[in-house]
Amino acid sequence: MESDSLSAWTVEMEEGKSGTSTTAEMDVDSSQSAQRPIPPNEETKVFSWADVRDIVETNRLDLIRRKPSERVVYKAWCKDIIAAYGSITAYMCAERLRWSPLPDAETSGPVFDYCDPTPFADPRDFRILRNDWPYGSFGPEITHLIVWSKPRIATDPENGLVTPESRKLIDAFVNRTFVQKLELDGSADAVEKVLWFKNWGALQSVRGLEHIHVLVKDVPEAIIEEWTDEMRSEL
């Protein structure tokens with residue numbers, strides 16, 4: 001499920017030049033991971049907000065990695081979840097999203113009944129969750145959220161990047177949901193405190209479940225809880 005670089009649910013990153021706020025399952029082999037020497041965590045670079053902004057804007061998402069100790073624990077967790085649920089996707093649907101896929105959907109991933117076919121248009125069709133396995137390579141000022149979507153987000157079949165139309169939809173959603181909230185809270189530079197990205201397929205650890213990643217800087221815990229709790233009602 002994990003590509004050892006920034007991957008999906010614990011999650012991952014995306015595409016070509018991702019917009020800022022003005023923008024598989026994993027192949028789990030914990031036994032082999034446990035047998036390999038683990039380099040010291042100190043060898044894993046910790047990225048500041050400026051580093052992450054540059055990585056996202058230049059599409060170098062592969063540079064962001066978990067600490068070696070985090071990767072071992074994460075892969076062991078994935079092995080247990082897959083043994084219990086059959087896949088990470090099944091676990092996410094049952095326990096984290098509480099979404100029921102439509103039966104017998106002949107697609108590359110689960111299909112859901114949604115209220116609006118436009119991604120992020122209806123709050124009942126998306127969930128904002130904290131990344132359950134945050135990356136130690138992010139500085140402590142950074143919080144990693146994931147927005148899961150029932151409708152599919154259109155991408156270019158040639159390169160897997162979001163289409164210009166999808167980028168506009170995501171930009172608008174990120175602005176009204178995250179940036180405007182920070183502005184209302186009194187942040188004068190709110191637009192500089194939010195980044196988003198969407199992993200292309202090779203970097204995704206939870207393939208088949210549509211989602212984008214949102215990173216925020218120096219946001220109070222109360223606001224993080226508001227974002228993640230407001231979508232938690234049973235749908």
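# Charges, rings and strands

User: Which helix holds both arginine 53 and glutamate 57?

Analyst: Arginine 53 and glutamate 57 are four residues apart, about one turn of the helix they share. A heads-up before we go on: this is a predicted model, where local features need pLDDT of at least 70 and side-chain atom pairs count only at pLDDT 80 or more, while totals for chains, interfaces and linings use all residues. Residues are numbered from 1 along each chain as its sequence is written, and side-chain values use heavy atoms, with hydrogens and water left out.

User: How far apart are the closest N and O atoms of arginine 53 and glutamate 57?

Analyst: Side chains of opposite charge can pair when their charged atoms come close. A salt bridge here is a side-chain nitrogen of Lys or Arg within 4 Å of a carboxyl oxygen of Asp or Glu. Arginine 53 and glutamate 57 form one, with their closest N and O atoms separated by 3.5 Å.

User: Is arginine 53 buried or exposed?

Analyst: The cut-offs are these: buried is under 20% relative accessible area, exposed is over 50%, and partly exposed is in between (1.4 Å probe, protein chains only). Glutamate 57, with 29%, is partly exposed. Arginine 53 has a relative accessibility of 16%, so the label for this residue is buried.

User: Which residue is linked with Arg53 and Glu57 in a network of salt bridges?

Analyst: By the salt bridge rule, the count comes to nine. Some of those connect up, and one network takes in Arg53, Glu57 and also Glu192.

User: What is the relative accessibility of the lysine that pairs with aspartate 189?

Analyst: Aspartate 189 makes a salt bridge with lysine 193, with 3.8 Å between the closest N and O atoms. Aspartate 189 is partly exposed at 39%. Lysine 193 counts as buried, with a value of 17%.

User: How many residues apart in sequence are the parts tied together by glutamate 210 and lysine 198?

Analyst: The side chains of glutamate 210 and lysine 198 meet in a salt bridge at 2.9 Å, N to O. Both lie in the loop between strand E3 (194-197) and strand E4 (211-217), so the separation of the parts they tie together, in residues, is 12.

User: Where does valine 219 sit, and which residues does it touch?

Analyst: Valine 219 is in the loop between E4 and helix H6 (221-229). With 12% relative accessibility, valine 219 counts as buried. Leaving out residues up to four places away in sequence, its contacts (heavy atoms within 4.5 Å) are Leu182, Ile224 and Trp227.

User: What is the angle between the ring planes of tyrosine 74 and tryptophan 77?

Analyst: Rings of Phe, Tyr and Trp (its six-membered ring) pair if their centres lie within 6.5 Å; planes under 30 degrees apart are stacked, over 60 edge-to-face, and the rest tilted. That rule gives 11 aromatic pairs. Tyrosine 74 and tryptophan 77 have ring centres 6.2 Å apart and count as stacked because their planes meet at 10°.

User: Where do tyrosine 74 and tryptophan 77 lie?

Analyst: Tyrosine 74 is buried, with a relative accessible area of 0%. Tyrosine 74 and tryptophan 77 are three residues apart, about one turn, and they share residues 68-85, helix H3.

User: Which strand and which helix are tied together by phenylalanine 126 and phenylalanine 173?

Analyst: Phenylalanine 173 is buried at 0%, and phenylalanine 126 counts as buried at 4%. Their ring pair is edge-to-face, with 5.0 Å from centre to centre and 75° between the planes. The pair ties together parts that are 47 residues apart in sequence because the two residues lie in strand E1 and helix H5.

User: Which strands stand at the edges of the sheet?

Analyst: Two strands pair if DSSP finds at least two bridges between them. Four strands form an open, antiparallel sheet in the order E1-E2-E4-E3. Each edge strand has a single partner, so one side of each lacks a neighbour in the sheet; these strands are E1 and E3.

User: At about what angle does H6 run to E1?

Analyst: Axes are lines fitted to C-alpha atoms, for helices over the stretch in contact, and angles run from 0 to 180 degrees between N-to-C directions. H6 lies across E1, E2 and E4, and the angle to E1 is about 145°.
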